[in-house]
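User: Please take me through this structure by question and answer.

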Amino acid sequence: MKHLLSAADLDRDAAVSVLDVAEQMAATQQREIKKLPTLRGRTVVNLFYEDSTRTRISFEAAAKRLSADVINFSAKGSSVSKGESLKDTALTLEAMGADVVVVRHPVSGAPHRLAHAGWIRGAVVNAGDGTHEHPTQALLDAFTLRRRLVGEDRGDSSLGQDLKGRRVAIVGDVLHSRVARSNVLLLHTLGAEVVLVAPPTLLPVGIGSWPCTMSYDMDGVINGDHGDLDAVMMLRVQQERMNAAYFPSAREYSRRYGLDAKRVAALPDHALVMHPGPMNRGLEISAEAADSARSTIVEQVANGVAVRMAVLYLILSGENS
Amino acid sequence: MSSAQRATDPSGTSPPSPAVSPAAPAPDARAVLEAAEISRALSRIAHEVLERNKGAGGLILLGIPTRGVHLARRLARRLAEIEGTEVPVGALDVTMHRDDLRRQPIRAIGATNVPAEGIDDHVVVLVDDVLYSGRTIRAALDALSDLGRPRAVRLAVLVDRGHRELPIRADHVGKNLPTSQLERVRVHLSEVDGEDSVWIEGGS
């Protein structure tokens with residue numbers, strides 16, 4: 001693995017091997033001493049042009065647990081506000097010897113440009129670009145699903161397994177969601193079925209070519225119109241990207257597409273409630289649903305560190321790195 | 001070590017091989033240990049471990065994946081037969097502590113399982129199949145120190161082929177096998193490879 005730009009970069013075996021390595025990484029995080037010497041002397045740069053809490057600290061924690069040096073760069077308070085281009089920032093990072101650049105950028109395709117323009121020699125990991133992709137989020141969601149649904153809630157028994165035959169509904173603002181795109185691609189690669197649920201205005205053009213089915217009717221999907229669900233993944237309503245009116249009112253959205261206690265109760269008993277965060281409590285997910293026993297929202301954050309450790313390990317070890 | 005092969009690379013590592021059914025021995029391979037000899041060697045090591053430790057009290061056997069783990073389990077069975085007490089067995093993966101990760105193809109990471117009581121104040125016996133450069137054991141000692149502070153650490157290996165690059169020696173050796181660095185030593189165990197044998201190949 002040279003770069004990780006899209007969930008589509010991973011075939012089934014590569015994705016399963018990331019999840020397997022993440023499982024061993026997660027085991028090391030149960031110990032008293034969580035730090036490993038694996039990436040000693042390597043430098044990871046977090047290049048964040050967009051606000052982020054959990055993705056940035058998750059990558060930072062992952063790099064530090066593997067003993068890599070971490071440089072955090074956020075566009076706010078940097079020379080970007082003086083008009084520095086992505087290229088010049090990249091050349092600066094190259095001069096400082098970055099082995100991996102973890103990039104989040106509001107423009108779709110910026111990580112791809114960074115990886116292939118020849119500005120830097122290091123590897124590039126996409127930590128979310130515009131409305132395009134967020135592959136490590138999809139990996140940690142798949143990891144959470146595999147841990148909970150495959151094997152008896154214990155990592156080792158799920159090693160080597162994919163998500164064949166599992167059914168996941170992804171509900172909400174698919175149009176602006178890089179999480180949804182990466183998850184559709186990765187879950188499909190891993191053999192799961194994905195149902196997208198959203199109002200017509202929040203589904204992108206050309207969705208017919210995605211490897212998934214879709215519906216406008218949340219209650220129908222929850223009640224099993226597309227088959228029993230194993231998990232419901234709620235997407236954040238991205239108010240910062242809402243330049244037009246995509247739905248009449250927040251209350252109407254919440255009533256038709258929000259996950260509340262009643263809808264949670266209608267799910268099969270084993271089904272999980274997931275959310276990539278940050279949540280708008282009361283809008284796409286109610287507090288009861290977010291805090292219920294079947295919610296994996298906090299677990300997803302913990303799993304994110306293990307998955308990102310696995311990604312950094314797989315990118316930075318090996319003779320080609 | 002994830003592989004039974006110790007390649008000719010003097011940095012003491014080998015390319016990863018499939019976990020099951022490695023390639024058949026090369027035409028120039030010669031068997032140096034047969035199943036019965038491996039069995040006798042393990043029995044002797046078991047007695048040595050008990051003699052050195054004055055019994056089975058406080059012992060923990062940790063195998064280094066893949067074949068070291070199977071050898072550790074076999075040793076534990078022998079210890080139970082001799083002493084009548086169960087000795088805890090675990091696995092210690094050293095991949096993340098290796099010093100050669102950048103010189104080798106990507107390695108899969110094996111599982112580390114340590115008995116629930118932990119290793120603090122126990123006598124840990126590391127078990128591996130082949131001792132060569134000593135770098136795997138160096139990594140294992142580092143990995144151990146992350147898990148706790150054993151009272152003592154000992155090393156048991158089935159084959160010691162020489163060519164150490166670090167000041168490390170084994171406490172218990174099944175067979176000292178003088179080799180050339182051009183040769184490679186393969187250990188086959190029935191749990192992984194369907195038969196017990198040790199081969200030397202190459203070098204001519």
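Analyst: Helices (H or I, at least four residues) and strands (E, at least two) are DSSP runs, numbered from the N terminus. This is a predicted model, in which local features need pLDDT of at least 70, side-chain atom pairs count only at pLDDT 80 or more, and totals for chains, interfaces and linings use all residues. Residues are numbered from 1 along each chain as its sequence is written, while chains are lettered from A and ligands numbered from 1 in the order in which they are written.

User: How many helices and strands are there in chain B?
Analyst: Along the sequence, chain B reads β-α-β-α-β-β-α-β-β-β-α-β. The count is 4 helices and 8 strands.

User: What percentage of the residues of chain B count as buried?
Analyst: A residue is buried if 20 or more other C-beta atoms lie within 10 Å of its own, exposed if 12 or fewer, and partly exposed in between, with C-beta atoms placed from the backbone. Chain B has 204 residues. The buried share is 45%.

User: Which residue in β8(B) is the bridge partner of Ala31(B)?
Analyst: Strand β8 (residues 197–202) of chain B runs antiparallel to β1(B), and 3 bridges join them. For Ala31(B), the partner is Trp199(B).

User: Is α5(A) oblique or roughly parallel to α6(A)?
Analyst: Axes are lines fitted to C-alpha atoms, for helices over the stretch in contact, and angles run from 0 to 180 degrees between N-to-C directions. Helix α5 (residues 135–149) and helix α6 (residues 178–189) of chain A pack at about 55°, their axes 8 Å apart. Angles under 35 degrees count as roughly parallel, over 145 as roughly antiparallel, 65 to 115 as roughly perpendicular and the rest as oblique. Therefore α5(A) is, relative to α6(A), oblique.

User: How many residues does the contact take from chain A and from chain B?
Analyst: Two residues are in contact if their C-beta atoms, placed from the backbone, lie within 7 Å. On the side of chain A, helix α1 (residues 12–28) gives the most, with 3 residues. The contact takes 14 residues from chain A and 14 residues from chain B.

Methods
Two strands pair if DSSP finds at least two bridges between them.
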